[in-house]
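Here are some notes for a first look at this model. They begin with pairs of charged side chains and then turn to the sheet and the helices.

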Amino acid sequence: PFSLISKRNAAGVVAAAASSFLLGFAPLAAPAAAAFFAGRHLFSRAEQDVPFTNRRHIILMPSAAECMLGQLQHAKTLASYAAAGKVLPKTHPDSVLVTDIARKLIRVLGEGHGGGYQRHLRYFSWSVNVVADSTPNAFVLPGGHIVVFTGLIALMRRDPDMLAMVMGHEVSHALARHSTEKLGIGAAVSVASALLMSSLGMGGPSSDELRRRQAAILEMRRR
């Protein structure tokens with residue numbers, strides 16, 4: 001249902017204000033109105049429900065880009081551990097144990113429990129690696145790249161259920177797109193900061209430049 005006071009309308013207002021400022025079209029309604037509806041539409045497209053919790057959040061990055069960034073980070077991280085000779089072979093007992101647990105978690109995840117937005121999972125390319133490190137830690141990068149440290153395996157005394165609990169927790173972060181949400185918030189804050197600095201005369205196009213842009217666009221409209 002339409003509501004005058006809503007996050008979508010707020011996003012539209014911000015987009016309209018930004019376009020008016022950047023294009024120098026404050027007196028004209030058409031560009032601001034177009035930006036308002038564009039911002040409202042983009043906000044509605046970016047709004048998603050988190051599985052299980054049904055918390056609504058904003059994701060400003062496409063799933064394919066999210067997985068690409070995860071893949072790049074995974075390759076960089078794994079290369080540093082491999083250079084130190086810390087990545088265990090797939091046949092190592094710890095790798096076999098963790099891979100078996102991960103396979104079960106991924107199978108259950110594929111059943112779609114919890115509702116919410118899960119279409120990003122189709123872009124996941126799951127991988128499992130165990131790192132010889134005494135730190136009791138595990139993480140899952142966007143795109144489904146699972147990394148478990150031997151320190152965690154030792155702490156859990158190689159108990160599959162205990163390991164599954166920790167690994168499931170980390171997988172849930174990837175399912176809920178927590179890191180991607182933070183990246184989007186950071187990008188939005190950066191853009192808002194840049195606009196604010198420009199409006200205060202601390203950066204961005206000068207008033208003369210804005211007038212030139214306005215004159216050029218008006219000339220194009222007349223043609």
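1. The side chains of Arg 55 and Glu 181 form a salt bridge, with N and O 2.9 Å apart. Arg 55 sits in the loop between strand E1 (47-49) and strand E2 (56-58), while Glu 181 belongs to helix H7 (residues 178-199), so this pair ties together parts 126 residues apart in sequence. Please keep in mind that the model is a predicted one.

2. Arg 55 has 37% relative accessibility and counts as partly exposed. Glu 181 has a relative accessible area of 12%, and residues under 20% are classed as buried.

3. A second salt bridge joins Glu 66 and Arg 177, whose closest N and O atoms are 2.6 Å apart. Glu 66 lies in helix H3 and Arg 177 in the loop between H6 and H7, so the pair ties together parts that are 111 residues apart in sequence. Both Glu 66 and Arg 177 are buried.

4. Asp 100 and Lys 104 also form a salt bridge, with 3.5 Å between the closest N and O atoms. Both residues lie in helix H4 (residues 93-109), 4 residues apart, which is about one turn of the helix. Asp 100 is partly exposed at 33% relative accessibility, and Lys 104 is partly exposed at 46%. Arg 103 joins Asp 100 and Lys 104 in a network of salt bridges.

5. How many salt bridges are there in the model? The count comes to 7.

6. Turning to the strands, the model has an open sheet of 3 strands in the order E3-E5-E4, with mixed pairing. Strand E3 (127-131) and strand E4 (138-141) are the edge strands, each pairing on one side only. From one strand to the next, the twist averages 15°.

7. E4 and strand E5 (residues 145-149) run antiparallel and are joined by 4 bridges. Which residue of E5 is the bridge partner of Leu 141? The partner is His 145.

8. Helix H3 (residues 63-83) lies across E3, E4 and E5, at about 30° to E5. Helix H6 (residues 160-176) lies across E4 and E5, at about 25° to E4. H3 is also the helix that holds Glu 66, the partner of Arg 177 described above.

Note on methods
Residues numbered from 1 in each chain as written. Predicted model: local features only at pLDDT ≥ 70, side-chain atom pairs only at ≥ 80, totals over all residues. Heavy atoms only, no water. Pairing = 2+ DSSP bridges. Helix = DSSP H or I, 4+ residues; strand = E, 2+ residues; numbered from the N terminus. Axes fitted to C-alpha atoms, helices over the stretch in contact; angles between N-to-C directions. Contact = heavy atoms within 4.5 Å. Salt bridge = Lys/Arg side-chain N within 4 Å of Asp/Glu carboxyl O. Buried < 20%, exposed > 50% of the residue type's maximum accessible area, 1.4 Å probe, protein only.
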